[in-house]
Amino acid sequence: MLQALTLILLCQLAGEAVARATGLPVPGPVLGMGLMLGLMALSDRVAGMVVPVGKVILRHLALLFVPAGVGVVGHLDRLGAQAGWLLLAIVISTLLALLVGALVFLVVAHLTGSDERAGCEEGDGNA
Amino acid sequence: MRDFAEIWSYLAAGPLVWLTLTLVAYVAADALSAATGRAPLANSVLIAVILLALTLWVTGTPYPVYFEGAQFVHFLLGPATVALAVPLYQQRRRIRRAALPVLAGLAAGSVVAIVSALWIAGALGVERDVLAALAPKSTTAPVAIGIAESLGGSPTLAAVLVLLTGIVGAVMVTPLFNAIGITDWRARGLAVGVAAHGIGTARAMQVHPTAGAFAGIGMGLNAILTALLAPLVLGLMV
């Protein structure tokens, strides 16, 4: 538990340092995620250690957005007179992005023969 | 016995009350969400935010005081992003097999998210500096803030628009895909990770582990792609 948490923080720290040093437009934690994925792929021991702890952290991922969400409420007036238009743009644009993203995925999956039947869980080595 | 107001003003100045109330609000919101069978509108983030915003308003508490306590929860966003490596690792064979559809869906979703938002808001007469904050709305907050600033938009407004997009996407995704009959969890997850970043990913994880893993990869890759695309599209369109 403690080792896994330490490793997670080390990956984040390394990610932050690399992002800062290289000026990459990618946040440190996202680089840290890539680093962690690499470590898990290289070592079954690391994977066995991190998987249960990661699952616990992610079970309530939604909770972690609450403090920032509360901050948004105080800034809703910043949207000003355009609030309605911005919300409309967000709703339609998100709808379109969801539709197009999923449909393009399905079409390319079909063309490249990587279809999966709905709900069919293959053996994926995630024992 | 001291009076309530005195005890409250002592406690409300420290972080414990606001940290505790953040968890209480979320536990209540999550219970409500579970009781409705994870109904899309009973989104746990949305309910907890409304409960807490009302509490701050009623008690006259400024946000910085609240954040003193809530920062401990907020801080965990970074480690949780690193922990997204876990579902990616567990589904790695599946993701590798679907590499081409993932990249195609990512590119399409990312472009549509930026172009359509700018086009609609621009057509409605929204000003350029606000458009600069809107362009990166589908990507994760730290990236969006950086992009908005470099384009001349307000970082605070960018954060507000990012969070609104996340909640809209998380509320919309399940009824939308159920209505049009898309049942492939990979496609559903990827699309919501690309369109609605971490809040969409959190929703996907509640719904299905495969959707959660594909949402995680969609969110991570879109952080990179939006950083490249948003300045380009804004330059072309505005």
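pLDDT is the predictor's confidence in each residue, on a scale from 0 to 100. The exercises below concern a predicted model.

**Exercise 1.** Determine which element of chain B has the lowest mean pLDDT and which has the highest.

*Solution.* Begin with the chain as a whole: chain B averages a pLDDT of 92, and 100% of its residues score at least 70. Next, turn to the elements of chain B. The lowest mean pLDDT, 83, belongs to helix α1 (residues 4-12) of chain B. The highest, 96, belongs to helix α8 (residues 99-123) of chain B. For the model overall, the scores are ipTM 0.89 and pTM 0.86.

**Exercise 2.** Describe the contact between chain A and chain B, stating how many residues each chain gives to it.

*Solution.* First, count the residues: chain A gives 70 residues to the contact and chain B gives 92.

**Exercise 3.** Decide whether A:G34 is buried, partly exposed or exposed.

*Solution.* Locate the residue first: A:G34 lies in helix α2 (residues 28-42) of chain A. A residue is buried with 20 or more other C-beta atoms within 10 Å of its own, and exposed with 12 or fewer. A:G34 has 17 C-beta neighbours inside 10 Å, and therefore counts as partly exposed.

**Exercise 4.** State how far apart the C-alpha centres of the two assigned domains of chain A lie.

*Solution.* The domain assignment gives domain 1 (1-61) and domain 2 (82-115) of chain A. The C-alpha centres of these domains are 29 Å apart.

How values were computed. Residues numbered from 1 in each chain as written. Chains lettered and ligands numbered in written order. Predicted model: local features only at pLDDT ≥ 70, side-chain atom pairs only at ≥ 80, totals over all residues. Helix = DSSP H or I, 4+ residues; strand = E, 2+ residues; numbered from the N terminus. Domains from an automatic or database assignment. Contact = placed C-beta atoms within 7 Å.
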